[in-house]
Amino acid sequence: MAAQPEGQSNTGFWRVLDERLGLSGLAYPVPEHANTLPYFLGGITLAGFVILVATGVLLAQFYHPHPANAHDSVIYIVTEAPFGDFIRSLHFWAANLVVITAVLHLIRVFVSGSFKRPREVNWLVGLSLLGLTLGFVFTGTVLKWDQESVEALAHNREIGELLGSFGTWFTNEFTRSVPLLTRLYLGHVSLLPVLLILLVLFHLYLIKLHGISPKATVDATSGPPTAEKGSSRFITHLRRLIGYGFLLLSVDGALALLLPAPLGQAGVPGAEVTKPPWMFLPLYPLEDVLGIRGLLLGSIVLFGLLALVPFVDRSRWLSPRRRRWIIIAGGILLVLLIILAVFAWLSRPAAHLME
Ligand code: HEM
């Protein structure tokens, strides 16, 4: 018989299932501190993706990814498809919540020094996951094909042009037979999910390999796993995670009922009267100064700085008290991003496109 997960009683249903599927092989040691909310943020993000896949599959039954039909098909979803408005709103709010929990998860990992040896690669995998998440939000924004979408697509094209031959896929020049909107839809429902699944599996594999990082007490140091090996049961951890998953679903449901996902008028190409979704707002003022180039430079600098973290903060200490300068630097970056976002939120929409 396959081994039980740590501390799991040898009872009925689980034993039958485990004997056949070897599920206990997936368990990893869970120290007690990993059963607190900050250490569940990655798992809650994962639960958010489950909601997104379930609602996304339903939406795909009614959505038409062609510029001539896309906006009308979203109106159909909202007005005629069974529970269409609610499912669309669940999808919209889950996307917003996932960005929030992923960023909070990043902050937790940063503050507790969990990116340090031997978890540097997992930090980079996590950053790629954040990039993919934003890719989902961006392509999703284009799909509804209202004014915000048409402008987002124009930005997409111009960034593609700035990237030269690397960016051709993001422009109309790539092919005349399939519209860019349709290709972005395929990205949203196939390319991005495949990449996401592969990276999530790699992320989880590395977590299983290294275990959860030690509690960031004043004396805690990075390095191979030691005494922290599982004082709590994996199944307890999993149960709590499922509980948090349902909590997320409840918040998502409440938001969807109270604030249905917005949908503007069908988009008019060439006009620039909207602002991007909130998670892209910190980059918006850079467009005022540097034009479309600002979006590209801003993203490269931001992700570049984050990618450098494990290579810059190389001391063996985990506690934020012993890593004051990097915590202050991270805090300054966060405040700067918030100031830029608030500034963008208060400013009037401006024209940035070159076309
Ligand atoms: C966006 C999708 C993401 C998902 C679904 C995800 C999922 C998870 C899960 C389930 C864990 C286990 C512990 C926990 O929940 O804290 C974890 C740990 C970890 N994640 Fe993520 N994560 C994501 C993004 C990120 C990001 C943006 C980063 C950082 C740049 C990151 C870096 C890490 C690291 C280094 C660990 C190990 C932490 C430790 O051992 O304490 N992850 N992730």
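1. pLDDT is the predictor's confidence in each residue, from 0 to 100. This is a predicted model: local features need pLDDT of at least 70, side-chain atom pairs count only at pLDDT 80 or more, and totals for chains, interfaces and linings use all residues. Numbering starts from 1 along each chain as its sequence is written. Over residues 1-8 pLDDT stays under 50. For that stretch the model has 24 contacts beyond four places in sequence; a contact means that two C-beta atoms, placed from the backbone, lie within 7 Å. The protein chain has a mean pLDDT of 92, with 94% of its residues at 70 or more.

2. Ligand shell. It holds 26 residues, and Gly42, Ser114, Gly126, Leu129 and Ser213 come nearest. A residue is near a molecule if its C-beta atom, placed from the backbone, lies within 6 Å of it. Elements giving two or more residues are α2 (41-60), α4 (84-111), α5 (120-143) and α7 (180-210). Helices are DSSP runs (H or I, at least four residues), numbered from the N terminus. The largest share, seven residues, comes from α5. By class, the shell has 15 nonpolar, ten polar and one charged residues. Here Ala, Val, Leu, Ile, Met, Phe, Trp, Tyr, Cys and Pro count as nonpolar, Asp, Glu, Lys and Arg as charged, and the others, Gly among them, as polar.

3. Helix packing. The axes of α6 (residues 147-162) and α10 (residues 292-312) come within 9 Å and cross at roughly 75°. That makes α6 roughly perpendicular to α10 (65 to 115 degrees). Axes are lines fitted to C-alpha atoms, for helices over the stretch in contact, and angles run from 0 to 180 degrees between N-to-C directions. His155, Glu158, Ile159 and Leu162 in α6 meet Ile292, Arg293, Leu295 and Leu296 in α10. The contact has five nonpolar, one polar and two charged residues.

4. The α4-α5 loop. Phe115 sits here. It counts as buried, because 24 C-beta neighbours lie inside 10 Å (buried: 20 or more; exposed: 12 or fewer; C-beta atoms placed from the backbone). Beyond four places in sequence, Phe115 contacts Val109, Phe110, Glu120, Trp123, Val309 and Pro310. Phe115 and Val309 are 194 residues apart in sequence, yet 8.2 Å apart C-alpha to C-alpha. Pro118 is in this loop too. The Arg117 to Pro118 peptide bond is cis, with omega near 5°.

5. Backbone points to check. Most residues other than glycine have a negative phi, and most peptide bonds are trans. Phe83 has a positive phi, near 55°. Phe83 lies between α3 (70-79) and α4 and counts as exposed, with 11 C-beta neighbours inside 10 Å. Trp145 has a positive phi of about 60°. Trp145 is in the loop between α5 and α6 and counts as buried, with 26 such neighbours.

How values were computed: Parallel < 35°, antiparallel > 145°, perpendicular 65-115°, else oblique.
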